[in-house]
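Work through the exercises below with the structure open. Try each task before reading its solution.

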Amino acid sequence: MCRKLFVTTACAAALLTLSSCSDGNPAAAPETKQTNSPAAANSSGSSRAQSTAPADRSRMVAEAVSAIHETQNALLAIDRNQREQALEALARATGKLEILLAREPALALAPVDMSVLTRDVIGDQRALEALRERAEEALEEGRLQQARRLISDLASETVLSVSHLPLATYPDAIKTAAAQLDRGETDAAKATLQTALNTLVVEETIIPLPLSRAQAALNEAKRLAEKANRTDAENRRLTSLLGSARQEIRLGQSLGYGTEDDMRQLLAEVDQIEAKTGGQKHGRGFFDRIERLLDKPRQSSQPPKKDA
């Protein structure tokens, strides 16, 4: 099957760095891969003190990561029948967690790792619509797996995944495992530690690239729309930018980033802006409504929130 669609994927992973704890706007993030995006710090599931200094946040992350490493060291020692080394590793992990909680008693989730995955569809609109129709037909006929395969690559987004250490449960699990080891319950201690490592909370932020690109085009168009006495070249540039925004919104519509009604409203608003800025017309406030309208599909594209 010739699909005329090409999917690009970029992936990067890194230890959560200092800059990932600063405030930021996920919607404004560029579409290329990153490992220190500020969007990761805006996960609503964690409770962080806004007044914490950057250096303190860096130490907090280091303590949390160190606690995980010591847990892994303990598991390795248990596998080698090195009970004393395992207990020492758990003692170090407990110490790291106690330091962390002493600094931030109200902290519920401590960030320990971040990964960034970008997938983009490159192809013409008609091929994309045709593939979507085939998938919908397959669903209607009950051929779920065929539909799943057809749409598996239909995404144009950057996904920022931040892993957090749940401080409400992790420290107690470490203490429980240490007590089990002390009683000679090696298998139980190992199971407790493995379960603790599996309870890391992963929070994702999805940035739909068509909406992000549309926003970028509209931002530049807004500056030109507010300018009096635009040159012919600037008028052409303004028209081109609005056309680009319209094209990206249509792509987002085809990929399902928002409801049909959401996207119709966005496209209608682009038409309104084009009418208001035709020729040498200029002014402020033309883009206020479309900026609000863009928020809805961006929010609806987010995965369900996970409880810690």
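## Exercises

**Exercise 1. Is Glu203 buried or exposed, and in which element is Glu203 found?**

Glu203 has a relative accessible area of 9%. The cut-off for buried is under 20%, so Glu203 is buried. Note that this is a predicted model. Next, find the element. Glu203 is in strand S4, which covers residues 201–208. Now look across to Ser161. Glu203 and Ser161 are 42 residues apart in sequence. In space, their C-alpha atoms are 5.6 Å apart.

**Exercise 2. Describe the secondary structure of the protein chain and the order of its elements.**

Start with the count. The protein chain has ten helices and four strands. Then read the order from the N terminus: β-α-α-β-α-α-β-α-α-β-α-α-α-α. Now turn to burial. Of the 308 residues in the protein chain, 44% are buried. Finish with the contacts between residues at least 6 apart in sequence. Of these, 78% join residues at least 24 apart.

**Exercise 3. Describe how helix H5 packs against helix H6.**

Two numbers are needed. Two packed helices are described by the angle between their axes and the distance between the axes. Helix H5 spans residues 170–182, and helix H6 spans residues 186–197. Their packing angle is about 165°, and their axes are 8 Å apart. Angles over 145 degrees count as roughly antiparallel, so H5 and H6 are roughly antiparallel to each other. The crossing of H5 and H6 is left-handed.

Next, list the residues that make the contact.
- From H5: Tyr170, Ala173, Ile174, Thr176, Ala177, Gln180 and Leu181.
- From H6: Thr186, Ala188, Ala189, Thr192, Leu193, Ala196 and Leu197.

Sort them by type. The contact of H5 with H6 has ten nonpolar residues, four polar and no charged.

**Exercise 4. Which residues does Thr71 contact, leaving aside its neighbours within four places in sequence?**

Thr71 lies in helix H1, residues 54–79. Its relative accessible area is 0%, so Thr71 is buried. Leaving aside neighbours within four places in sequence, Thr71 is in contact with Ala93, Tyr170, Ile174, Leu193 and Leu197. Go back to the previous exercise. Tyr170 and Ile174 are among the H5 residues in the contact with H6, and Leu193 and Leu197 are among those of H6.

**Exercise 5. Describe how helix H3 packs against helix H4.**

Take the geometry first. Helix H3 (residues 125–140) and helix H4 (residues 144–151) pack at about 160°. Their axes are 8 Å apart. This angle makes H3 roughly antiparallel to H4. H3 passes H4 in a left-handed crossing.

Now list the contact residues.
- From H3: Leu131, Arg134, Ala135, Ala138 and Leu139.
- From H4: Leu144, Gln146, Ala147, Leu150 and Ile151.

By type, the contact of H3 with H4 has eight nonpolar residues, one polar and one charged.

**Exercise 6. With which side chain does the side chain of Ser254 make a polar contact?**

Locate Ser254 first. Ser254 is found in helix H8, residues 232–254. With a relative accessible area of 5%, Ser254 is buried. The polar contact joins the side chain of Ser254 to the side chain of Glu129, at 2.5 Å. Then widen the view. Leaving aside neighbours within four places in sequence, Ser254 is in contact with Gln125, Leu128, Glu129 and Arg132.

Methods. Residues numbered from 1 in each chain as written. Predicted model: local features only at pLDDT ≥ 70, side-chain atom pairs only at ≥ 80, totals over all residues. Heavy atoms only, no water. Helix = DSSP H or I, 4+ residues; strand = E, 2+ residues; numbered from the N terminus. Buried < 20%, exposed > 50% of the residue type's maximum accessible area, 1.4 Å probe, protein only. Polar contact = N/O pair within 3.5 Å; in protein donor to acceptor, adjacent residues only side chain to side chain. Contact = heavy atoms within 4.5 Å. Axes fitted to C-alpha atoms, helices over the stretch in contact; angles between N-to-C directions. Parallel < 35°, antiparallel > 145°, perpendicular 65-115°, else oblique. Left-handed = near helix turned anticlockwise from the far one by under 90°. Nonpolar A, V, L, I, M, F, W, Y, C, P; charged D, E, K, R; others polar.
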